[in-house]
Amino acid sequence: QIFTENDNLDRFEIEDYLSQMLYEEFDVIIDDGSLSQTSDSIHTLFSMWKRKTPAHEMTRWLQANFPEELLSAPVPVQQQNDDLSSSDESEVEAMDCEAAASQKAEQKNSAPCVDEDGWQVVQRTKKKTKS
């Protein structure tokens, strides 16, 4: 939506939008510098798209700027089961909520969690007050 409403987006506007969205939707604050790098890449690709850059040139840019593993990684597809009735769906949702709650409790008591993709799940800690 931000791209369709604004023809002349600056990098900092994309960064501000991403930062705000990540905080509001996921309660995540990114302060390692990766947000500006991501914004630069999005801005470059958006500019290329606006100029109607051919797809092969955009692909060449992506290959030059991102690791092959990232570009060739399969995108997980969530399968939908049309056979579920509405009562079955609510039961599945309830089980998912219970599993998520127990998983959160376990994460608080254990070492950092690494998911199946190798990403480490990091919990934000409260700042210690000086006495």
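Modeller: From the N terminus on, the elements run α-α-α-α-α-α-β-β. That gives six helices and two strands. The model is predicted, so local features need pLDDT of at least 70, side-chain atom pairs count only at pLDDT 80 or more, and totals for chains, interfaces and linings use all residues. Residues are numbered from 1 along each chain as its sequence is written, and side-chain values use heavy atoms, without hydrogens and water.

Biologist: What makes a run a helix or a strand here?

Modeller: Both are DSSP runs, numbered from the N terminus: helices are H or I with at least four residues, strands E with at least two.

Biologist: Why are H3 and H4 called roughly antiparallel?

Modeller: H3 (residues 34-50) and H4 (residues 55-65) pack at about 165 degrees, with axes 10 Å apart. Axes are lines fitted to C-alpha atoms over the stretch in contact, and angles run from 0 to 180 degrees between N-to-C directions. Angles over 145 degrees count as roughly antiparallel. H3 and H4 are therefore roughly antiparallel.

Biologist: Which residues of H3 and H4 meet?

Modeller: Ser 41, Thr 44, Leu 45, Met 48 and Trp 49 in H3 meet Glu 57, Met 58, Trp 61 and Leu 62 in H4. Contact means heavy atoms within 4.5 Å. The residues of this contact divide into six nonpolar, two polar and one charged.

Biologist: How much of the chain is buried?

Modeller: Buried residues (under 20% relative accessible area, 1.4 Å probe, protein chains only) make up 11% of the 131 residues.

Definitions and conventions
Parallel < 35°, antiparallel > 145°, perpendicular 65-115°, else oblique. Nonpolar A, V, L, I, M, F, W, Y, C, P; charged D, E, K, R; others polar. Buried < 20%, exposed > 50% of the residue type's maximum accessible area, 1.4 Å probe, protein only.
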